[in-house]
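Please find below a colleague's note on the model, written as numbered points.

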Amino acid sequence: WQETKSLYFLHKNVSVRDATFPGFIIASPSLEPNYYFHWVRDAALVMKSLFKYLSDKEKIVFFDDYAKLVLQHQNTKTNISSLGEVKYKKDGTAYTGPWGRPQNDGPALRSLTLIEYFLYIKSNNLKYSLPDDHFYSLNPKSHAVIKKDLDYIVKVWKEKDYDLWEEVKGDHFFTKMVQAEALLQGMKVANLYGDSISAIKYESTYEEINEFLNKFFNVSQKYFFSTINWSGGHNTKTTYIDTATILAFNQIKHPYNINSNNNFKKVVDTFRNLYKINKNRNEYALGRYPEDFYFGGNPWFLLTAAAGEYIYKMVDRVNRQYKISSSQFPKDFIPGFKIPQTKQFSPEQKNQLLQALFSYGDEFLKTIQKHVDLNSGRMDEQFHRDNGYMLSAKHLTWSYSAFLSMKKARDKAQVIIQIK
Ligand code: NOJ
Ligand code: NOJ
């Protein structure tokens, strides 16, 4: 039921009618706070989850519109911070008021979404309605949208920027993770065009970023700092524990190792001990980071869904793994389930682990269920940390898309569980 509702509400915010160009995606219809803008990050993630719900014909309609709007955004003279510009108005120009800019996760997420569409079209022998060089081109003067974003990442990845929460300037785990992934996927597109010079450049930059990512790991506390090398913006964080790290793992094809799982546990435990609704009602609500005070610093639907997605995806990963060992998991990783201490799980143990993971994923889903508006299926941005009432931006598009991508991951996991 919530899947149907989410899809319905998501569609209402995509290609909104009063915009000059089709493809315009509002972050939320809310004007107070004002979310009536096309955020590069939100739009990319929304399109990515919508992709799986569209027929081939629909894909071409929606994604060609989106790709045309990207061209407009990349080239509008109103950009203050080049391709790292944050959000756009309905007339296709950039929002130029004061804001935390640049935010360089944007071009990475945008190109990842476009690459997925582009490779799908190519590998299924379909035809988009745009000129061939709209997406990629060997001509350095062309405006190919994917190439432009990838080259931008290569150019700027070492520069400090604002994080996805638009508050802190520095080097960010989330941003670097999606930049690396974009280059890795971008390599495939470059190779398809025989552009080996770019492919090599993307690969070597990918490796450099990956190397840099090691710096984020807090060895003694075993989690990934969301930001290092702080250089501006809010300086209220003390722990740098952040659910954005989980969001980052969801964007890549990650094997889920002991570090990412330790990090997951750290984040979940932090919020379990922080929010009243979690403590009093045994829920699994997650917010951005513990020191957050935006609208009072509450749990977010999209982040609670991201945790569910992480766990459901792990069901699929673990299932495909030949050898499962207890050393992949921190102690008490799954509440109420004792992980067998062994170097190689037996088939029976593997089965129990998969079942336990699946039920654990459902804890996050149940928490979401408790706080959506059960009459309409509405999801706003946040729900109150003490009483669960929704607050901040209404009908947040990203809440719906995060729900849908969690649901897709759950569907896949469910098939595995039923086969077992
Ligand atoms: C608006 C941003 O969108 C939000 O992420 C941030 O927390 C507040 N400004 C406060 O800086
Ligand atoms: C605030 C969030 O912090 C940011 O990540 C998001 O892009 C905007 N709201 C718009 O939804």
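This is a predicted model: local features need pLDDT of at least 70, side-chain atom pairs count only at pLDDT 80 or more; totals for chains, interfaces and linings use all residues.

1. Residues are numbered from 1 along each chain as its sequence is written, chains are lettered from A and ligands numbered from 1 in the order in which they are written, and side-chain values use heavy atoms, with hydrogens and water left out.

2. Around ligand 1 stand Trp99, Trp165, Glu166, Glu167, His234, Arg288 and Tyr294, where a residue is counted if one of its heavy atoms lies within 4 Å of the molecule. This shell divides into 3 nonpolar, 1 polar and 3 charged residues, with Ala, Val, Leu, Ile, Met, Phe, Trp, Tyr, Cys and Pro taken as nonpolar, Asp, Glu, Lys and Arg as charged, and the others, Gly among them, as polar.

3. Oxygen atoms of ligand 1 lie 2.4 Å from a polar side-chain atom of Glu166, 2.8 Å from a polar backbone atom of Trp165 and 2.9 Å from a side-chain N or O atom of Arg288. The protein covers 75% of the 300 Å² of accessible area that ligand 1 has on its own, as given by the Shrake-Rupley method with a 1.4 Å probe.

4. Ligand 2 is surrounded by 13 residues, the closest being Arg41, Asp42, Leu164, Trp165 and Arg288, and its shell comprises 8 nonpolar, no polar and 5 charged residues. An oxygen atom of ligand 2 lies 2.7 Å from a backbone N or O atom of Leu164, and one lies 2.8 Å from a polar side-chain atom of Arg288. Of the 300 Å² of accessible area that ligand 2 has on its own, the protein covers 98%.

5. The whole structure holds 43 aromatic pairs, meaning rings of Phe, Tyr and Trp (its six-membered ring) with centres within 6.5 Å, classed as stacked under 30 degrees between planes, edge-to-face over 60 and tilted for the rest. Phe264 and Tyr310 are stacked, at 4.5 Å centre to centre and 10° between the planes; Phe264 belongs to helix H9 and Tyr310 to helix H11, 46 residues apart, helices being DSSP runs (H or I) of at least four residues. Both residues are buried, that is, under 20% relative accessible area with a 1.4 Å probe and protein chains only.

6. Lys237 has its charged end over the ring of Tyr289, 4.0 Å from the centre, the criterion being NZ of Lys or CZ of Arg within 6 Å of the ring centre and within 35 degrees of the ring normal.

Terms used
A polar contact is a pair of N or O atoms within 3.5 Å; within protein, one must be able to donate a hydrogen and the other to accept it, and residues adjacent in sequence count only if both atoms are side-chain atoms. Helices (H or I, at least four residues) and strands (E, at least two) are DSSP runs, numbered from the N terminus. Buried means under 20% relative accessible area, exposed over 50%, partly exposed in between (1.4 Å probe, protein chains only).
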